[in-house]
Amino acid sequence: MTEMMFRRLRLLCFAALSVGLLAACGGGDDAATPQQSAAPIDNSEEVQAYYAANPDFFSFKMPADIPQGLDWQNGSGLAEMGSPEAKKGGTEYRALQDFPRTLRIIGPDSNGGFRGMLLDDVTVPLGFRHREYFDFIPGLADAWARGEDGKTFYIKLDPRATYSDGVPVTVDDYMFMFWMFRSPYVTSPWYNNFYSTMFTNITRYDDYTMSISIPASKPDGEARVLGLRPMPRHFYKEVGEDFVDRYQWRFAPTTGPYVIEDGDLKKGRSITLTRIPDWWAKDKKHWRYRFNADKVRFTVIRDTEKIFEAFRRGDLDQSGLNLAEYWYEKLPDDAPEVAAGYIKKAVFYNQRPRPTYGLWINTARPLLDDQDIRLGINHASNWQLVIDKFFRGDYGRLRTEHDGFGEFTHPTLKAREFDIDKAQAYFAKAGFSQRGPDGILVNEAGQRLSFTLSSGYQSLKDVLTILKEEAAKAGLEFRIELLDGTASWKKVQEKQHDVHFSAFGVILEMYPRFWEHYHSDNAYDQAFLEDGSVNPERKIKTQTNNLESFADPEMDVMIERYRASDDKQEMIELAHNMSELHHEHGSFVPGFYQGFFRVGYWRWMQYPEEFSYKLAQGASELFVHWIDEDMKRETLEARKTGKTFEPSIKVYDRWKED
Amino acid sequence: MFKFNPQTLKKLHRFREIKRGYYSFLILAGMLLVLAFGELLVNSRAIVVKYEGQWYFPTYTAFYPGTDFGFDYSYEVNYRDLRDRFAEEGSDNWLIMPPVPYNAFENNGHGGVFRPTPPSAENQHYLGTDTTSRDILARLFYGTRIALVFSLAFTAWVYLIGISVGCAMGYFGGVFDLLFQRIIEIWSNIPFLYMVIIVFSVIPSTLSIPARIGILLAVMVLFSWTGMTYNMRTETYKEKARDYVAAARILGASDTRIVFRHILPNVLATLVTFMPFVVVSAIGAITALDFLGFGLPPPTPSLGELLKQGTANLRTAPWIVSAAFVTLVFLLTLITFIGEAVRESFDPKKFTVYR
């Protein structure tokens, strides 16, 4: 769902999730107590008044007003997700590193790691991207069609759809959703802005038919609309001034299969999700073979090592083994549990937009504003060594900042290689040609070639020390600054960094974003004067994702054309040109990407034959696995008696990239 | 020249008689001496190189680029490669490497990947390597040195401030005493570890590593000096009321002179007995901070960082944690033994008749 993912961008990237264990992170356990005593309120009148006050946005029409001859789509013909062999039942055990701070899905603290279990991964949007074909499959919508203007989408809701409390999902819940996300009560400026500017209209035709409009026609326009999820208005009718406190620990009725039952929320300790036996989509194609476990139990275990030990003991069903250390040493192929066939190991190669692990160079800093210095840093960063020796050659070298977007990714650009001579030549061009007594280059003014290399990834601090050691060979000093995730995010948002190692989580969408990272509007206030020259008094703009302080009028022009374009071919061309310009600029040193995910799981945890899907991000993301309780009993018994099974270490490389 | 009075000499003599403490002291002193010249023992730079008739002593000098020794690179020469090359060529060139030919920062990666390797005399990794193939002995060695120097500096500062403030409180008494008591009560209620973590997290990284270590030291001292003051205060109160102080005052001695020449030597026993325990707590604190990731900036070698790595790889690389653990236990035991011996030898109950 687009907007959720926007929000999750930050979280993903700065929590180092992609290399850690399969554990969610969230808030602490010092949560506020729910305000049960708050008097009930009813906002229905206020909502109706709001609709009436904004007639351009909220329209009411009759079914006869729907245009004729629309090309209705329903994603039929795509192979079904999940396996027909999946068995329902059983309990799945998972770990949480932090207890969520709230059960709200919006408002302060709601952007934690457990949010996926409350919303993004389990509830049903209008349409869902098929993880193999990129096209949409029906969720709450039965069918959808793009209007003639290219900006309006007509949607027929599935009349069977209900919330977990039995109330049917109707168009009114979508209208209400817009009211709620635009209201100040939810204290989410981002939502207020996104739902006010990224949509222009919602029209109700009847209970199950509506249209939603977006401001401009884009090749992937349906993605924004089909990602929308309804808000149950009967549940949120008490939304008002005290929304944040009132809804802090209330579990909202969901369109998904899992609910939190009374007493299953043990604060600071555990949360249990329970599957609804008569879920409305239980027989719906693409949904019926997923969400198989009867219960999913999350236990809070704060230490990653302890999570792993709990997994090896069998207390948890599955553990991520993305880091080489875990795959090769902590759970090697000859580990007793693996050799005996109790624990299976699997690697699944995927193809999707890659998180942008690399060095983000702040070009607003002294010396780093010199292109030669930046190119020198590119050649002095030995990522290949990190990949070969630290990641044991499993990871790949990122080529550009926009890898994995198919034809939108530049076909030939490559990251600059580690080359001491080239690096020194560039540094010499910038005036750094002599080595000081410690081997670090100095210029004629006696200034050392030294920059701070900061990062918020505690788990990847070894990468920094390797880069530091190697850069010293080229006469470049990196001073390492390791911060915790929040502090590091704050630092780069304030643009206080020299060189920063991090990544933005990239969401599954058709084409990459450039405006956020490269538009001068996000680098400076008034970067350029009227005549196009650099504004000498420009000030750095903070709180944006332009971490490179990248400002180039040529880029701005291309970005604006790219944003306005509804022609896919033109956008592809622009994307390539922008990638080239960015590459020449040298302000980003592409690091690595992980072209797969790998897990270890107990043999009672079953996966479909192909294990996962081309576009999947993680093993359990799509809930296509199931728990075989008989096999669990058998395995636990076998562990006692010493009986063994055939070991299983599988590599699914159908989608492996070169 | 400072001359010990007979009583102090007696105490020192008594200290020598307590064998456990005395030998611990000798071992620790020896260790400090060895650590002081550590660059000659644990280093990736050769001790001496004879190349084409020229002598080189790279240990304490500026770096020599590879080109100086006929390599084609301009960064620091790898002396281990140079040693191997000399051996191959069979020329008159030779060099002597330190017994442990690694520094604390290099990623060696003998097996082609960076991972912990078990102790091996063949590779000269006598205690194995850590998760990024750095030599554990080298990291342990320099980590210990930093911890010891750090804790000694910490002790010196805590004593200086603690003694000054404590003595002043006891000696001047009255409003001054009351005021400082309240200040100290408030100050010592600030949780030390959290404050260190908070303050240290806002220190800009543009500073050099020694400067950042210096700031960490300052912050720790700032929140640790209070404990010393109360002992000093009471001792000074007690001594101040004695006749010899009154006599000194009548003779016209200044306050400073009375405090430092007359009172201080008489409360020495209390001071000295606390000292080893302050050192122990300083080592403990710096290790704990490193373990939590808030201590010395990476890649500074430290005991806490090794312990952290070790506990994370308990199953797969037990040599990491055992090396760090044994060192820490050994160090703390030595200092505790010294502390006990000092306390015993300075115990007034055994040596003083009049109290």
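Me: Which residues in α11(A) meet α13(A), and which in α13(A) do they meet?
Reply: This is a predicted model. In α11(A) they are A:Asp372, A:Ile373, A:Leu375, A:Gly376, A:Ile377, A:His379 and A:Ala380. On the α13(A) side they are A:Lys422, A:Ala423, A:Tyr426, A:Phe427 and A:Lys429.

Me: How do the residues of that contact divide into nonpolar, polar and charged?
Reply: Seven are nonpolar, two polar and three charged.

Me: And the geometry, at what angle do the axes of α11(A) and α13(A) cross?
Reply: Roughly 160 degrees, and the axes come within 8 Å. Angles over 145 degrees count as roughly antiparallel, so α11(A) and α13(A) are roughly antiparallel to each other.

Me: Left-handed or right-handed crossing?
Reply: Left-handed, as α11(A) passes α13(A).

Me: Staying in chain A, which residues of α14(A) are buried?
Reply: The helix covers residues 461-473. Its buried residues are A:Asp462, A:Val463, A:Leu464, A:Thr465, A:Ile466, A:Leu467, A:Lys468, A:Glu470 and A:Ala471.

Me: What covers them?
Reply: The cover includes the helices α11 (371-380) and α12 (383-390) of chain A. It also includes the strands β15 (358-361), β19 (450-455), β20 (477-482) and β21 (499-502) of chain A.

Me: What follows α14(A)?
Reply: A:Gly475 does, with a positive phi near 85 degrees.

Me: At what angle do the axes of α2(B) and α13(B) cross?
Reply: Those are residues 19-36 and 318-345 of chain B, and their axes cross at roughly 130 degrees, coming within 8 Å. The two helices are therefore oblique to each other. The crossing is left-handed.

Me: Which residues make the contact?
Reply: From α2(B), B:Arg20, B:Gly21, B:Ser24, B:Phe25, B:Ile27, B:Leu28 and B:Met31. From α13(B), B:Phe330, B:Leu331, B:Leu334, B:Ile335, B:Phe337, B:Ile338, B:Glu340 and B:Ala341. They divide into eleven nonpolar, two polar and two charged.

Note on methods: Residues are numbered from 1 along each chain as its sequence is written. Chains are lettered from A and ligands numbered from 1 in the order in which they are written. This is a predicted model: local features need pLDDT of at least 70, side-chain atom pairs count only at pLDDT 80 or more; totals for chains, interfaces and linings use all residues. Side-chain values use heavy atoms; hydrogens and water are left out. Buried means under 20% relative accessible area, exposed over 50%, partly exposed in between (1.4 Å probe, protein chains only). Helices (H or I, at least four residues) and strands (E, at least two) are DSSP runs, numbered from the N terminus. Contact means heavy atoms within 4.5 Å. Axes are lines fitted to C-alpha atoms, for helices over the stretch in contact, and angles run from 0 to 180 degrees between N-to-C directions. Angles under 35 degrees count as roughly parallel, over 145 as roughly antiparallel, 65 to 115 as roughly perpendicular and the rest as oblique. A crossing is left-handed if the near helix is turned anticlockwise from the far one by less than a right angle, and right-handed if clockwise. Ala, Val, Leu, Ile, Met, Phe, Trp, Tyr, Cys and Pro count as nonpolar, Asp, Glu, Lys and Arg as charged, and the others, Gly among them, as polar.
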